[in-house]
Amino acid sequence: MKPLLDVLIILDALEKEGSFAAASAKLYKTPSALSYTVHKLESDLNIQILDRTGHRARFTRTGQMLLEKGHDVLHAVRVLEKQAVKLHQGWENELVIGVDDTFPFSLLAPLIEAFYQHHSVTRLIFINGVLGGSWDALTQGRADIIVGALHEPPQLSDFAFARLGTLEQVFAVAPHHPLASEPEPLNRRMIKNFRAIAVGDSSRPGCAVSSQLLDEQEAITVFDFKTKLELQISGLGCGYLPRYLAQRFIESGALVEKQVLAQSSNEPVWIGWNEQTAGLASAWWREQILANSAIAAVYAQADAGKSDG
């Protein structure tokens, strides 16, 4: 394999430089050394790579095939070399990032682009988690890092976490929903009379998010917040939605925000990671997420409102 790889490098240089003399200068070898390497492979495999009958050596059909296929091989070898160096330096081969369903994934797109501009050796895998399921993905080893997790983090020594801020949730209904015309603040007894739209917790399949439901309240349980939003806009039920998700529909009139008596609508939000497996890619993502102003803006609004009050 080594002589073949050497020949592929020579053929690539010969095509780009146009002659053995120019190719040898590029590869820091003598023309006779390059010619010998090619001739030896021809002899070993009983093939002809170059036609030397004319003034300048030309590729035969076999040589042309080796040249074309060789481009892919050389690219793969160079990528492999870079990957080996990066892995030796501490960059992970792949990084699994769990993203909670309440987190605005679009805010990660610029970070993905920035990451691949400089660190393409690490393959990124994104998985979805819903509420308690985000922490489960981390602690059960299905994710290396999680973003936007709600509820308090698990107190386990192998894992670390930092607070992103607070997710503000608003109680909202469609304009034609009966609760839209009720005087504020709504009380729990009034809300209980109407169907809720709840999101299932992926850590407990089949279970709705308990904080969204009142005792014995009729409910439709769905698998993510975007579906919950659609059903509430349609008027099929009521419930809480993340402020950033619902705000434009409130402003357009597709939803009506309602104040609820003695009901907290803010939840702490976290980023968590596995300290035992964390490498340079994990560190890069943690630093970028915690320093990102757009992400901070989503989770700072509720904190600001809370401190103002």
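Here are a few notes on helix packing and aromatic pairs in this predicted model.

1. Ground rules: numbering starts from 1 along each chain as its sequence is written, and side-chain values use heavy atoms, leaving out hydrogens and water. As the model is predicted, local features need pLDDT of at least 70 and side-chain atom pairs count only at pLDDT 80 or more, while totals for chains, interfaces and linings use all residues.

2. Take helix α5 (residues 109–118) to begin with: L111, I112 and F115 are its buried residues (under 20% relative accessible area, with exposed over 50% and partly exposed in between; 1.4 Å probe, protein chains only). They fall within an arc of 100° seen down the axis of α5, so they line one face of the helix (the arc uses directions from the helix axis to the C-beta atoms). E113 and Q117, on the other side of α5, are exposed. Helices (H or I, at least four residues) and strands (E, at least two) are DSSP runs, numbered from the N terminus.

3. On to the aromatics, where the count comes to 10 pairs (Phe, Tyr and Trp rings, the six-membered one for Trp, with centres within 6.5 Å; planes under 30 degrees apart are stacked, over 60 edge-to-face, the rest tilted). F161 and W270 pair edge-to-face, at 5.5 Å centre to centre and 90° between the planes. F161 sits in strand β6 and W270 in strand β11, so the pair ties together parts 109 residues apart in sequence. F161 is partly exposed at 32% relative accessible area, whereas W270 is buried at 10%.

4. Ring pairs also link W91, F105, F115, Y116, F126, W284 and W285 into a cluster.
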